[in-house]
Amino acid sequence: MKSNTSLLFLFVAIAFLFLFARNHLPFAPPPDVIALLDCAPDSPSPWCIRFQSNKTPHLSDTPNHPLDPLTIKEINMVSSILSSHALFNSSNSYAFHSIDLEEPHKEQVIQWTKADPLPPRLASVVARVDGHTHLLTVNLETTQVTVHNTAPLSGFPTLTFEDLTSTIWAPLSNAEFNRTITNRGVDLADLSCLPMSLGWYGKKEEGRRLIKIGCYSKKDTPNFYMRPIEGLIVLLDMDTKEVLEISDQGRNIPIPKAANTDYRYTAQQQKLNLVNPISIEQPKGPSFVVEDELMVKWANWEFHLKADPRAGVIISRAKVRDPDTGEMRSVMYKGFTSELFVPYMDPTDAWYFKTYLDAGEYGFGLQAMSLDPLNDCPKNAYYMDAVFAAADGKPYVQPNMICVYESYSGDIGWRHTESPITGMEIREVRPKVTLVVRMAASVANYDYIVDWEFQTDGLIRVKVGLSGILMVKGTKYENMRQVPEQENLYGTLLSENVIGVIHDHYVGFYLDMDIDGSDNSFVKVDIKRQDTSPGESPRKSYLKAVRNVAKTEKDAQIQLKLYDPSEFHVINPSKKTRVENPVGYKVVPAATAASLLDHDDPPQKRAAFTKNQIWVTPYNRSEQWAAGLFTYQSHGEDTLAVWSERDRPIENKDIVVWYTLGFHHIPCQEDFPIMPTVSASFDLKPVNFFERNPILGVPPNFEKDLPVCKAALSA
């Protein structure tokens, strides 16, 4: 009787715990996450709000270009084809980690015109079937399925939303975990937990998909990131949801207070109206058009634009018009964010593994949020949705993921005013208007803003902004006077009991440059001091440019050096200007950072693309992801650094340039409780590409051409 009573009590307790978690956790345990994504219009769910679109439901979308992403109909067709395939219909369980367009071969795309039929539509599918990873190609015309061999690759595919949502409630089924939470003084109703990729640190982590869970208290604040339950880390088997280990080394560390952590405008006692509203008005409408949903044409530029679940935004077939010939000339075949690496600089047990590869592990595009009109993008912006596939193969819409807008901030395209001593009254100035393509991804606490900015002078600027919320560490210290001089905090004391941990951000870009064609060369132009000979000149030295054409990949592994400067040109040696200079573009770095980690440090091995700021490889359609195809728990054997060590020929070949943008972040109090945006960028700039300044013929502004805006009458 006692045994039966105990079993009954246990059953009731588990049922109560399940219901409690379901009602109180930020992500309830969904039996079918697609139900969260495919909501009725009047649903109050925050997931539904996120995924509702105020545009067409995309049900009737059809592809118009070889690079157009899969449509809703096509994703449904892929799911249907695979459901009857032997690999899947005999399976006990499977999940789709990605269903994307397998792009046609580059030559097909380049030769295609609008008058031609589309090449066969293929889907690239990554699926986990009965615990094994499979890479497949599905031909939508023939329904043929090809299964590719991925045996040599370590690691697992990008996590799905289902992976993330199911893992954060799994620890609640563990009694030891629940006792630990209550012993730390946190009510289960105030608990928020986050899944954290754990990198790879040896054989003990091989053979199964693992994840670590960190937890916070959201009592009295939506900014639970500032209230960590420090030192508590749960190791979980992602497939079985089994809790493998609970580590709690922070029992003596208080949970930081909620005071002053709420960043919402409605919660601010001091409202700051520092500037008057600003808006760009275009009575004649925008100067760009979007043809067939995805082909952008603006000023002298045209390019294909699409959303991608891993890369976020992909720019393809970027061309600029030559002002002399009117020809649309090729600049870049394809450009996108290939990988992000965010290592935290704390080697302690609860922090050493926090070395994230955000694109490969979480999906940069999957974490992209709907942009907020008037705030993320200005009033004159045009918005584009994304269509992605959930783990069960059903499509869903990610609305307003990308915005496109014209920007004018008072910058100058070019100018010259002649000095009065010449007797010539000349003042010529041209305003600079640019076209911006923007996306923003919220990868848990951090927000990334990525802009592709096109200028009429042929320049492309790629800019990354960092904002969001720091990942902080709890501490017993409330004031720096309490900290022993010899103790390493691994960061900055931002507020009472809160340390902002030092960390880096690296964003790696894939740039398939096609300067007037695919066969290009990479030229390192070294800027050298030349000493003059005795009696040659009153000068003792001057600078000269020494051009070195990279023959193989190792010649093009570049680490930037301030006192050993160079320019980095991509040229077409077969195409010359009127005066016989090879046409080209150059990569122009701005402020950036380099990884200082030991090359044998496990996270650095996995993110070895950060070893150099510039790499150049021969084009290979299988080499697109700088940290490898399957990044999660990978060992680092399938990375850009490994490919480049093959030292393949790159002179006058179809080449890809890789650029790594870096940030060192030593947190400061201004980053609390939410960070002002910090940005860095690099440029792709014409170098002897045009015969002269390509915007000589652009007119200045005249008062009569500008809209007249009047202030609204006050009530």
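1. Two strands are taken to pair if DSSP finds at least two bridges between them, and strands (E, at least two residues) and helices (H or I, at least four) are DSSP runs, numbered from the N terminus. In this predicted model, strand β26 (residues 519–531) pairs with strand β28 (residues 566–576) in the antiparallel sense over 6 bridges, and the bridge partner of F522 is V570 in β28. Strand β28 also pairs with strand β29 (residues 582–589), again antiparallel and over 6 bridges, with V583 in β29 as the bridge partner of N572. The hairpin of β28 and β29 has 5 residues between the strands, and in this hairpin E580 takes a positive phi near 75 degrees.

2. The chain averages a pLDDT (the predictor's confidence in each residue, from 0 to 100) of 91, and 91% of the residues score at least 70. Over residues 1–54, however, pLDDT stays under 50, although the model has 69 contacts beyond four places in sequence for this stretch, a contact meaning heavy atoms within 4.5 Å. Where pLDDT is low, the predicted coordinates should not be read in detail.

3. The count of disulfides, defined as pairs of cysteine sulfur atoms within 2.5 Å, comes to 2. One of them joins C193 to C215, with an S to S distance of 2.2 Å, and with 100 degrees about the S-S bond this link is right-handed. The pair links distant parts of the chain, C193 being in strand β5 (residues 191–196) and C215 in strand β6 (residues 210–217), 22 residues apart. C193 is buried (under 20% relative accessible area, against over 50% for exposed and in between for partly exposed, with a 1.4 Å probe and protein chains only), its relative accessible area being 3%, and C215 is likewise buried at 3%.

4. The other disulfide is formed by C377 and C403, whose sulfur atoms are 2.1 Å apart. C377 lies in the loop between α9 (358–362) and β15 (382–389) and C403 in strand β16 (residues 395–407), so the pair ties together parts that are 26 residues apart in sequence. With -90 degrees about the S-S bond, the link of C377 and C403 is left-handed, and both C377 and C403 are buried. As a separate remark on cysteines, C668 is partly exposed, with a relative accessible area of 32%.

5. An open antiparallel sheet is formed by 4 strands in the order β1-β2-β3-β4. Strands β1 (94–102) and β4 (145–148) stand at its edges, each with a single partner strand, so one side of each is left without a neighbour in the sheet. The twist averages 25 degrees from one strand to the next. Within this sheet, β1 and strand β2 (residues 122–129) pair over 8 bridges in the antiparallel sense, and V126 in β2 is the bridge partner of S98.

6. Two helices deserve a comment. Helix α4 (residues 72–83) lies across β1, β2, β3 (132–139) and β4, running at about 115 degrees to β3; here axes are lines fitted to C-alpha atoms, for helices over the stretch in contact, and angles run from 0 to 180 degrees between N-to-C directions. Helix α7 (residues 161–169) is mostly covered, with 8 of its 9 residues buried, among them F161, L164 and I168.

Notes
Residues numbered from 1 in each chain as written. Predicted model: local features only at pLDDT ≥ 70, side-chain atom pairs only at ≥ 80, totals over all residues. Heavy atoms only, no water.
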